[in-house]
Structure formats: structure tokens, C-alpha cells
Amino acid sequence: MSISSEHKPLGKQVTGSLHTLSPIVELNVGGELYTTTLSTLKKHPGSKLAEMFTGQPKLRRDSEGRFFIDRPGTYFKYILEYLRSNQVPTQCVQDVYKEALFYDIEPLIKQLEDSPQIFGELVARKQFLARVPNYSENIELMIRIARAEAVASRCSGVIVCVVRTEEDAARCQDALNSLDMDKKSVVKFGPWKAAPSISDLLDCIQMDVEAKGYKISFQPHVAEKGFRFKSHDFFYKFLFTWW
């Protein structure tokens with residue numbers, strides 16, 4: 001006597017309400033495997049992570065039936081560590097902060113924002129750079145110029161003009177007019193109204209270009225004769241090394 005399909009034994013059950021699941025949950029986060037409890041994942045009810053495990057399933061399963069979250073798995077251990085013991089991570093802080101934002105774990109976000117790494121980036125550096133006109137656009141312009149000059153070369157250079165005050169901006173323009181070069185290839189930063197110095201801005205430029213994966217260094221640009229001012233007052237050469 002054959003068994004009808006409706007009475008055949010079922011394989012691993014992967015559907016149904018989360019309320020019927022075991023309190024022990026297996027997760028696959030970007031290929032990293034974790035085992036935890038529903039109560040840990042739902043510790044902060046207003047978070048996106050808690051919402052993933054509330055009511056009907058909102059996540060896909062992998063081939064073994066584990067819930068799959070398509071995020072970097074390396075940093076999820078720090079998220080779990082916080083949920084389990086309220087321990088705020090001191091390693092990989094920038095990356096964990098991104099994950100805390102994604103999972104919308106508000107208490108962790110606030111505590112990370114008080115850490116020196118995030119506080120310095122968000123409150124100090126980013127607020128300074130927000131006062132430098134067209135900063136992000138100029139970073140992209142530098143990269144475009146460097147890439148255009150990289151054909152059959154190991155290195156390519158970009159001339160940057162940095163001016164802190166309106167007076168320096170006017171002097172810089174006079175200096176540019178005396179240069180025998182393509183002025184469109186000079187990227188100008190400033191002026192700005194904030195405490196950080198020109199050297200601080202130069203460090204920020206290097207930091208942000210390197211964050212995009214480029215190898216870069218800079219030095220004062222020594223102009224040829226006919227230059228009306230000391231070149232190191234305004235001009236710097238950023239060197240991109242390609243290989």
C-alpha cells in the first residue's frame with residue numbers, strides 16, 4: 001500500500017512562525033556560523049535585528065536551514081557580545097559601528113559614538129571637513145586627474161592648492177596666474193573657518209584618499225622660476241604610486 005504524499009515524512013522544517021521555533025537559533029551571517037538564543041537577538045525590541053526575529057520569518061534560510069543574514073560575519077560576534085553581556089567592543093570599532101547602524105541597536109550606537117575613534121571621526125574630523133568647501137568633490141577630482149596621468153607610468157602627481165583664509169585665496173589666485181601650467185589640473189582646497197591647520201587638512205586628504213585604496217604621499221611643491229610667492233605657502237604635490 002502506497003503512502004500518499006500528504007502522509008510522507010517531512011524533511012527539516014524551515015517554515016512557520018518564529019514563535020514555534022526552538023529558543024536556540026542557528027545563524028549564517030555572511031558565511032560565519034553563530035548559535036545564540038531568540039531572547040538575545042530580541043533583547044532590544046526597537047532594533048532592526050529584533051524585528052528580523054519577531055512574528056513571521058523575515059529572513060532566508062541556507063541549505064542547512066540556518067537563518068541567513070547577508071552582512072559581514074566577522075563583526076557580528078561583537079554585536080552578539082554586546083547583546084549577551086553589554087560589553088562595548090574596543091576592536092574594529094569603525095566596522096562594528098557600521099553594523100550597529102545596520103541592525104539599528106540604538107544603545108550600542110550611542111556608546112560607540114562616545115568612543116574616542118567614533119567621536120573623533122564624527123564630531124571632530126567630519127565637522128571640520130564639512131566646513132571645507134567641496135571637500136569630497138575635490139578628493140574625487142584628485143583621483144580622476146591622477147588616473148588620467150597614470151598611463152604607462154609608475155607614479156602620477158596632482159598639484160593641490162591649500163588656502164585657509166580669503167586673503168590667502170586671493171594670493172593663491174595671483175600665484176596661479178603667474179604659473180606656466182594648466183590651471184585646471186590644480187585642485188584647490190579652502191578657505192575654511194575652523195581651528196585645524198593646513199597640515200591637518202593635508203593629513204585628512206591623505207587619509208581619505210588612502211581609504212579608497214590608493215597609495216599616496218605628499219610634499220611641498222617647488223615651483224619653477226617666475227613664481228611670485230614661496231610655493232610652499234600654498235602648493236603641495238600629491239604623488240599616487242600605482243605599482
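A residue is called buried when its relative accessible area is under 20%.

**Figure 1. The whole protein, in overview.** Welcome to this predicted model! By the definition above, 39% of the 243 residues of the protein count as buried. The secondary structure comes to 9 helices and 8 strands. The protein has an accessible surface of about 14,400 Å², and carbon and sulfur atoms hold 51% of that area. Now think about contacts between residues with a separation of 6 or more: 66% of these join residues 24 or more positions apart.

Figure 2. Let us look at helix 3, which covers residues 76-85. Which of its residues are buried? They are Phe76, Tyr78, Ile79, Leu80, Tyr82 and Leu83. Just after helix 3 comes Asn86, with a positive phi of about 60°.

**Figure 3. Helix 6 meets helix 9.** When two helices pack, they are described by the angle between their axes and the distance between those axes. Helix 6 (residues 116-129) packs with helix 9 (residues 198-210) at an angle of about 100°, and their axes are 11 Å apart. Because angles of 65 to 115 degrees count as roughly perpendicular, helix 6 is roughly perpendicular to helix 9. Look for the side where they touch: helix 6 brings Arg125, Phe128 and Leu129, while helix 9 brings Leu201, Cys204, Met207 and Asp208.

**Figure 4. A nonpolar patch on the surface.** Three residues make up this patch: Phe119, Leu122 and Val123. Together they have about 250 Å² of accessible area. Leu122 belongs to helix 6, the helix of the previous view. Is Leu122 buried, partly exposed or exposed? Its relative accessible area is 32%, so Leu122 is partly exposed.

Figure 5. Arg60 sits in strand 3, which is made of residues 60-61. Why does Arg60 count as exposed? The cut-off for exposed is over 50%, and Arg60 counts as exposed because its relative accessibility is 59%. Apart from neighbours within four places in sequence, Arg60 is in contact with Arg66, Phe67, Phe68 and Asp70. Take Asp70 as an example: Arg60 and Asp70 are 10 residues apart in sequence, and their C-alpha atoms are 9.5 Å apart in space.

Notes
Residues are numbered from 1 along each chain as its sequence is written. This is a predicted model: local features need pLDDT of at least 70, side-chain atom pairs count only at pLDDT 80 or more; totals for chains, interfaces and linings use all residues. Side-chain values use heavy atoms; hydrogens and water are left out. Patches are made of residues with over 30% relative accessible area and no salt bridge: like charges are joined within 9 Å, nonpolar side chains (Val, Leu, Ile, Met, Phe, Trp, Tyr) within 5 Å. Accessible areas come from the Shrake-Rupley method with a 1.4 Å probe; for residues, only the protein chains shown count as cover. A salt bridge is a side-chain nitrogen of Lys or Arg within 4 Å of a carboxyl oxygen of Asp or Glu. Helices (H or I, at least four residues) and strands (E, at least two) are DSSP runs, numbered from the N terminus. Buried means under 20% relative accessible area, exposed over 50%, partly exposed in between (1.4 Å probe, protein chains only). Axes are lines fitted to C-alpha atoms, for helices over the stretch in contact, and angles run from 0 to 180 degrees between N-to-C directions. Angles under 35 degrees count as roughly parallel, over 145 as roughly antiparallel, 65 to 115 as roughly perpendicular and the rest as oblique. Contact means heavy atoms within 4.5 Å.
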